[in-house]
Amino acid sequence: MAGQALIFSAPSGSGKTTIVKYLLENNPDLGFSISASTRDRRGRTEVDGKDYHFLTPEEFKEKIDANEFIEWEEVYAGNFYGTLKSEIERIWAEGKNVIFDVDVKGGINLKKYFGEKALSVFVKVPSIEILAQRLNSRGTETEESLSRRLFKAKFEMSFQDKFDVVLLNEDLSKSVAEAQRLYDGFKVIL
Ligand code: 5GP
């Protein structure tokens with residue numbers, strides 16, 4: 001059974017993961033595409049097979065060679081992330097729509113792949129300064145990874161018009177309501 005796809009992309013720290021989690025909690029007809037990643041697991045908060053399929057670089061490469069990804073990328077130097085075809089098959093077989101939390105390039109590629117079956121949403125922060133504050137307060141970044149993420153974020157901001165919708169995330173409670181509205185509208189359109 002083929003369902004629909006909801007793609008959320010943004011520079012990291014924009015709040016897209018929080019929005020995606022809210023939609024998952026409130027919409028039983030959505031299933032999360034668990035990406036593969038070679039980055040280290042954030043020990044206290046992340047679960048292998050739930051947040052990501054954490055792979056070694058060798059395992060990741062084997063899956064590239066076996067053509068198991070719809071898209072994959074070296075999102076940060078040495079850290080590979082990718083969307084597995086098997087995830088979409090699993091979620092659609094459950095009769096659900098698939099929801100993605102991917103970076104900006106991945107979102108553009110997924111939209112190309114799914115076409116009209118997908119709604120792609122760019123989550124935008126009001127400014128780079130606010131993004132820096134949010135990443136800092138999350139406490140997951142070193143000084144180096146923070147500056148890498150900010151550098152990439154500035155570049156990613158320039159791709160927002162490649163998405164179906166831009167969602168400005170100033171106030172999280174408003175943003176989740178808007179995301180829900182977008183999903184409800186998208187479901188009835190197709
Ligand atoms: P994080 O390390 O913060 O979990 O993720 C870093 C970035 O990689 C985030 O923007 C996240 O959305 C993105 N990402 C996660 N999974 C995938 C994927 O399968 N493909 C792509 N292109 N990006 C991904």
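1. A word on what you are looking at. This is a predicted model, in which local features need pLDDT of at least 70 and side-chain atom pairs count only at pLDDT 80 or more, while totals for chains, interfaces and linings use all residues. Numbering runs from 1 along each chain as its sequence is written, and side-chain values use heavy atoms, with hydrogens and water left out.

2. A polar side-chain atom of Tyr52 lies 2.6 Å from a ligand oxygen atom, and a polar backbone atom of Thr83 is 3.3 Å from an oxygen atom of the ligand.

3. Which residues come nearest to the ligand? They are Ser35, Arg39, Tyr52, Glu71 and Tyr81, out of 18 around it (a heavy atom within 4 Å counts as near). By class, this shell has eight charged, six nonpolar and four polar residues. Here Ala, Val, Leu, Ile, Met, Phe, Trp, Tyr, Cys and Pro count as nonpolar, Asp, Glu, Lys and Arg as charged, and the others, Gly among them, as polar.

4. Strands β5 (69-76), β6 (79-84) and β7 (97-102) each supply at least two residues of the shell, and β5 has the largest share, four residues (strands are DSSP E runs of at least two residues, helices H or I runs of at least four).

5. The ligand takes up the space of the largest pocket, which has a volume of about 1100 Å³. A pocket is an open set of points on a 1 Å grid over the protein atoms alone, where a 1.4 Å probe fits, with protein on both sides within 12 Å along at least five of seven lines; lining residues have an atom within 4 Å of a point. Of its 41 lining residues, Thr17, Lys21, Glu46, Tyr52 and Asp101 are closest to the centre. Helix α1 (16-26) gives the most to this lining, seven residues.

6. Please also look at the second largest pocket, with a volume of about 200 Å³. Its lining includes Arg39, Tyr81 and Arg149. The largest share, three residues, comes from α6, and by class the lining has seven charged, three polar and two nonpolar residues.

Note on methods
Polar contact = N/O pair within 3.5 Å; in protein donor to acceptor, adjacent residues only side chain to side chain. Sits in = over half its atoms within 2 Å of the grid points. Points joined across faces, edges and corners; volume = space filled by probe spheres on them.
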